[in-house]
Amino acid sequence: MPVAKTPRPAKGRGSRDLQRVAVVIPAKDEQERIAATVRSARAIPHVDLVLVVDDGSEDDTQHVARDAGAVVVRHSHNRGKAAAMETGAAVVAMRDAPGRPPRLLLFIDGDLGDTAVNTAPLVAPVREGVADLAIALLPPQPGAGGRGIVVGAARRAIHALTGWTPTQPLSGMRCLTREAFEAATPLARGWGVETGMTIDLLRKGYVAVEVPCDLKHRASSNDLKGQMHRAAQYRDVMVAVNARRVRGAFDAVRGVRSESPQIRS
């Protein structure tokens, strides 16, 4: 079994019960599904905080989420998923209790509805020190119209830059330690956030695993809107990947220079 890089909370009587989990839900215009998602997430074992980051919704997402039992913070305008994740993690940190381990962060999508509780298997490998990052493997989604182009591009890029080949590199349902999240910041913008996070953490020696989860969410179809969505995904994934290629090349050159002998005249 792999061993996570993040140190585990000290062992002792009842120490495992100290490691709690915060569910962070970035959401925009999800008033139809957010209540079911929040209620389902609250049933996940070890979760004591469900936080919805309303990323500039134009509907009643924030009010519906609050009525369902979530803590809600709101961006006054849409800032994107990465910003919502960073805001959520910052709010969770402010709510972590002194003397207790930082909460694990379980990021889920706002449209999971009643299936949100099925992200629970992501918690165990992180909580038990097997991995620093656990990523959900979703079953085939009814109505999905993608042809795997974006997924394939992200998968090949992650393998080329880290040596690991994920099955679902774009999966947004993921649990990770506070230390791992901070090591991945600043997050890649737009739809490149998951690909960028995976590359950054693996490069820094953190351990990632994929875990099957029986989840259902709103899949993009093959109509014009769906095609535009996938085009935006591809663009953002490539921006994240290319930025990390450049950074890797720069770090390699800098490392060679730092190891070169100093020549004095």
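**From values to terms**

Tutor: Let us begin with Ser 57, which touches Ala 27, Lys 28, Asp 29 and Arg 74 when residues up to four places away in sequence are not counted. Please keep in mind that this is a predicted model.

Student: Where is Ser 57 found?

Tutor: Ser 57 is found in the loop between strand 2 (47–55) and helix 2 (61–67).

Student: Why is Ser 57 called buried?

Tutor: Its relative accessible area is 4%. The term buried applies under 20%, so Ser 57 is buried.

Student: What makes the pairing of the side chains of Ser 57 and Asp 54 a polar contact?

Tutor: The distance is 2.5 Å, and the cut-off for a pair of N or O atoms is within 3.5 Å. One atom must also be able to donate a hydrogen and the other to accept it. The side chains of Ser 57 and Asp 54 are therefore joined by a polar contact. The side chain of Ser 57 also reaches the backbone nitrogen of Asp 29, at 2.7 Å.

Student: Why is Asp 29 called partly exposed?

Tutor: Asp 29 has a relative accessible area of 30%. Buried requires under 20% and exposed requires over 50%, with partly exposed in between. Asp 29 is therefore partly exposed.

Student: Which phi does His 46 have, and where does His 46 lie?

Tutor: His 46 has a positive phi of about 75° and is not a glycine either. His 46 lies in the loop between helix 1 and strand 2. With a relative accessible area of 28%, between the limits of 20% and 50%, His 46 is partly exposed.

Student: How do you know whether Thr 177 is buried or exposed?

Tutor: The relative accessible area of Thr 177 is 2%, and the limit for buried is under 20%; Thr 177 is therefore buried. The place of Thr 177 is in the loop between strand 6 (174–176) and helix 6.

Student: Which residues is Thr 177 in contact with, leaving aside its neighbours within four places in sequence?

Tutor: Thr 177 is in contact with Thr 6, Arg 8, Leu 104, Val 126 and Asp 132. Each of these contacts has heavy atoms within 4.5 Å, because that is what the term means.

Student: Why is Asp 236 called buried?

Tutor: Asp 236, which is found in helix 8, has a relative accessible area of 11%. The limit is under 20%, so Asp 236 is buried. Its side chain makes a polar contact of 2.9 Å with the side chain of Arg 235. Not counting residues up to four places away in sequence, Asp 236 touches Arg 189, Gly 190, Trp 191 and Gly 192.

Student: What makes helix 7 largely enclosed by the rest of the structure?

Tutor: Helix 7 covers residues 193–203, and nine of these eleven residues are buried, so the helix is largely enclosed. Among the buried residues are Val 193, Met 197, Ile 199 and Leu 201. Just after helix 7, Gly 205 takes a positive phi of about 90°.

Student: Which peptide bond joins Thr 185 and Pro 186?

Tutor: A cis peptide bond joins Thr 185 and Pro 186, with omega about 0°. Most peptide bonds are trans. Pro 186 has its place in the loop between helix 6 and helix 7.

Student: Which residues line the second largest pocket?

Tutor: Thr 185 and Pro 186 are among them, including also Asp 200, Arg 203, Arg 244 and Asp 251. Helix 8 gives the most to this lining, with four residues. The lining divides into three nonpolar, two polar and six charged residues, and about 180 Å³ of space lies in the second largest pocket.

Student: How many residues does the protein chain have, and what share of them is buried?

Tutor: The protein chain has 265 residues, and buried residues make up 49% of them. The chain has eight helices and seven strands.

Key
Residues numbered from 1 in each chain as written. Predicted model: local features only at pLDDT ≥ 70, side-chain atom pairs only at ≥ 80, totals over all residues. Heavy atoms only, no water. Buried < 20%, exposed > 50% of the residue type's maximum accessible area, 1.4 Å probe, protein only. Helix = DSSP H or I, 4+ residues; strand = E, 2+ residues; numbered from the N terminus. 1 Å grid on protein atoms, 1.4 Å probe; cavity = no way out; pocket = protein on both sides within 12 Å on 5 of 7 lines; lining within 4 Å. Points joined across faces, edges and corners; volume = space filled by probe spheres on them. Nonpolar A, V, L, I, M, F, W, Y, C, P; charged D, E, K, R; others polar.
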